[in-house]
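Here's a quick briefing to read alongside the model. Have the sequence and the 3D view open as you go.

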Amino acid sequence: MAVIPFADRFEAIADRRSPLTVGIDPAPEVLKAWDLPYNAEGVRVFGLEMVEAVGDLVGVFKPQIAFFERFGWQGLKSAAEVIGHARSTDALVIADIKRMDIGHTIEAYAGAWIGDDAGTPVDAITLGAYMGSGSLKPVVKRAAEYGAGLFVVVRSSNPDGILLQTARQGDDRTVADALADDLTVFNQGLLGKMGNGPCGAVVGATLDDADQVLERLPTSLILAPGIGAQGATMTDLRSRFGRAAAKRTLPNVSRQVAAAGPSRKAIREIVERLADEAFTLRG
């Protein structure tokens, strides 16, 4: 059976539902607000409730694995159950793991999440690249083989990240620009029907200068955190990213959705509104 690239699967579900990406982030304060215990059972119930509330509306879920991993193997078991339930709704799942290493180690990280033989199969993962963009090549290869997506942190909005990512190299490119160029090279020969490859980028929706690095990512899907509680709106995103990049962006909302819970009705109402707003990015 032919492998359908993640980028093509995202385009299809974004057109059918919405490009909105809902984060599943069971942080301690969220579980307390939901009157759930701060343990593996609490994160499991939170994740399943989020999926039950909006699984038929959302095109992409993004569980933050750190909040599950916090509770050891029991927490990872909860994550696997939540991920399985999310995928059963036909939504895509991005495991937010931000792994980073070299050689066999990064291959093992990739194998844990990507592919038919993965420990916990998902549709895409997040990565860091501070070990050098070349360290990502084994993951790119596996992603292409199994039709998975990768989202590499290129421009984040935290102050410390900005200082590092905008530092100049010897060729006068910023660190972020150089990484973006490499991701575009990696995508060559691996493009889907809509012209996007497996290597996507994480670019903060709150950045006023995002367009500069996005110009170097013409074949990448863009995962954009920062919508909602962090201050950015869908209108801001379109203005900052420009029409072409906004059309291939996955706007991520986490805390704003979780804050509406535990009422499924309230969660659904806010997601319906955000999904409609996100859908305008497709035009």
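This is a predicted model: local features need pLDDT of at least 70, side-chain atom pairs count only at pLDDT 80 or more; totals for chains, interfaces and linings use all residues.

Residues are numbered from 1 along each chain as its sequence is written, and side-chain values use heavy atoms, with hydrogens and water left out. Helices (H or I, at least four residues) and strands (E, at least two) are DSSP runs, numbered from the N terminus.

**The barrel**
- Eight strands close into a barrel in the order E1-E2-E3-E4-E5-E6-E7-E8, with parallel pairing (two strands pair if DSSP finds at least two bridges between them).
- On average, neighbouring strands of this sheet are turned by 30 degrees against each other, direction ignored.
- Strand E1 (residues 21-24) pairs with E2 in the parallel sense through four bridges, and with strand E8 (residues 249-253), also in the parallel sense, through two.
- Val22 has Phe61 as its bridge partner in E2 and Val253 as its partner in E8.
- E2 and strand E3 (residues 92-99) run parallel, joined by two bridges; Val60 has Leu92 as its bridge partner in E3.
- Strand E2 (residues 60-63) is covered on both faces: Val60 and Lys62 on one side, Phe61 and Pro63 on the other, are all buried (under 20% relative accessible area; exposed is over 50%, partly exposed in between, with a 1.4 Å probe and protein chains only).

**Helices on the sheet**
- Helix H1 (residues 6-16) lies across E2, E3, strand E4 (124-127), strand E5 (149-155) and E8, at about 130 degrees to E3 (axes are lines fitted to C-alpha atoms, for helices over the stretch in contact, and angles run from 0 to 180 degrees between N-to-C directions).

**The H3/H14 pair**
- Helix H3 (residues 40-54) packs against helix H14 (residues 264-279) at about 60 degrees, with the axes 9 Å apart.
- The contact (heavy atoms within 4.5 Å) involves Glu49, Met50, Glu52, Ala53 and Val54 of H3, plus Arg264, Ile267, Arg268 and Val271 of H14.

**A loop residue**
- Glu215 sits in the loop between helix H10 (210-214) and strand E7 (222-224).
- Glu215 is exposed, with a relative accessible area of 64%.
- Val202 is 13 residues from Glu215 along the chain, and their C-alpha atoms are separated by 14 Å.
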